[in-house]
Amino acid sequence: MIDSIIQTISQFERIIILRHVRPDPDAVGSQAGLRALIRNEWPHKEVLIGGESDPEFDFLTKMDDIADKDYDGALVIVCDTANRERIDDSRFDSGDALIKIDHHPMVDSYGGIEWVDEGASSTSEMVFELYDRLSSGSEQDVDPDMAKMLYAGIVGDTGRFRFPNTTERTFRAAARLVTAPFSREDIYESMYVKSEKMLRLEGYVLSNVAVKPSGAAVVYLRSDTLEQFGVSAKEASAIVNSFSALEGLKAWAFLVEEEDQIRLRIRSKGPQVHKLAERYHGGGHPMAAGASAFSWEEAESFSDELDALCQSYT
Ligand SMILES: [Mn+2]
């Protein structure tokens with residue numbers, strides 16, 4: 001199986017590598033790790049990685065813009081994705097050949113060549129084994145870019161080598177990967193430290209937010225609070241949807257103090273909030289809108305209006 005994948009890759013000049021929607025570190029790591037592997041082995045080949053960009057993975061890599069015509073004559077490889085519906089590019093089938101590399105239990109059969117190994121901790125571990133086969137016997141240095149991607153993928157899917165999917169194979173891959181010069185510290189920092197401080201902020205906010213009798217809730221995040229949690233205003237905006245399950249909630253706003261303004265992010269489960277947003281230097285959709293306030297007094301009056309809006313909504 002590995003040999004026929006290597007054989008197929010060697011025959012194509014353009015290779016497009018895809019992965020599943022809402023990516024995790026293994027999806028991006030196996031995708032970008034495979035790209036590095038191919039670039040090192042066949043420097044003249046064009047390799048593109050596709051799917052929606054997620055800023056969470058900027059510490060690893062960025063996705064390429066792939067045009068429809070790029071698929072003409074291309075080999076498409078899909079990593080870490082058990083079924084068609086989850087592939088993050090509906091054009092996945094429009095190349096000349098399709099390969100699936102995955103460690104999830106088989107859901108959907110797609111691809112002329114399917115390499116599915118449920119015994120692998122991660123797709124990144126499988127891509128390492130592909131590399132191991134290609135480089136067998138040679139003492140060549142492991143490419144740091146490839147090593148970083150695959151290591152991040154393995155770490156993500158094994159929960160930092162704690163889950164029972166972690167095997168001797170996993171450690172063999174990791175042992176070889178860490179011979180390359182890349183910062184494991186950076187990976188752990190990006191994948192865990194940040195999310196732990198976000199969880200602390202989210203916990204703090206959830207324990208302090210009160211839903212008013214009208215069904216409105218307003219969360220204030222002042223800059224000193226953000227500082228206390230070590231979270232930037234931009235990072236804090238990621239938890240705006242954490243409140244949707246609060247009991248009795250109709251609409252809520254998330255107010256984050258930035259340098260020159262207070263950003264209002266408004267979400268609703270009924271009352272239309274876009275008109276209200278328009279009155280506060282913003283706009284958007286009936287159920288999700290954004291606005292700005294330039295003083296806490298203005299923020300207070302916005303908050304009163306949101307309360308009234310929810311009050312009148314039945
Ligand atoms: Mn995976």
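Is histidine 281 buried, exposed or partly exposed?

Tutor: Histidine 281 is partly exposed, because its relative accessible area is 48%, and buried would need under 20%, exposed over 50%. Keep in mind that this is a predicted model. Histidine 281 sits in the loop between helix H9 (274–279) and strand E9 (283–284). Its phi is positive, at about 60 degrees, although histidine 281 is not a glycine. Phenylalanine 161 also has a positive phi without being glycine, near 65 degrees. That residue lies in the loop between helix H4 (144–158) and helix H5 (168–177).

Now place these loops in the chain. The domain assignment gives domain 1 as residues 2–182 and domain 2 as residues 196–311. The centres of the two domains, taken over C-alpha atoms, are separated by 39 Å. A UniProt annotation from an unreviewed entry, "domain: DHHA1", covers residues 221–311. Over residues 221–311 the chain is 36% helix and 25% strand. The end C-alpha atoms of that stretch are 24 Å apart.

Turn to the metal. The manganese ion has four donor residues: Asp26 (OD), Asp80 (OD), His103 (NE2) and Asp157 (OD). They coordinate the ion at 2.1 to 2.3 Å. Along the sequence, the donors follow the spacing D-x53-D-x22-H-x53-D. Take the pair aspartate 80 and histidine 103: they are 23 residues apart and link distant parts of the chain. Aspartate 80 is in the loop between E3 and strand E4 (97–102). Histidine 103 is in the loop between E4 and strand E5 (113–116). Aspartate 80 is buried, because its relative accessible area is 1%. Histidine 103 counts as buried too, because its relative accessibility is 11%.

What holds paired strands together in general? Strands of a sheet pair through backbone hydrogen bonds, either parallel or antiparallel. Here, strand E1 (residues 14–18) runs parallel to E3, and 4 bridges join them. Isoleucine 15 stands opposite leucine 75 in E3.

Finish with aspartate 70. This residue is in the loop between strand E2 (46–49) and strand E3 (75–79). Aspartate 70 counts as buried, because its relative accessibility is 11%. Leave aside neighbours within four places in sequence, and aspartate 70 is in contact with Arg14, Ile16, Leu48 and Asp65. From aspartate 70 to isoleucine 15 is 55 residues in sequence, yet 9.1 Å in space, C-alpha to C-alpha.

Methods: Residues are numbered from 1 along each chain as its sequence is written. This is a predicted model: local features need pLDDT of at least 70, side-chain atom pairs count only at pLDDT 80 or more; totals for chains, interfaces and linings use all residues. Side-chain values use heavy atoms; hydrogens and water are left out. UniProt positions are given in the numbering used here, feature names are shortened, and annotations may be inferred rather than shown by experiment. Helices (H or I, at least four residues) and strands (E, at least two) are DSSP runs, numbered from the N terminus. Buried means under 20% relative accessible area, exposed over 50%, partly exposed in between (1.4 Å probe, protein chains only). Contact means heavy atoms within 4.5 Å. Donors are N, O and S atoms within 2.8 Å of the metal (3.2 Å for Na, K and Ca); water is not among the atoms, so sites may look incomplete. Domain bounds come from an automatic or database domain assignment. Two strands pair if DSSP finds at least two bridges between them.
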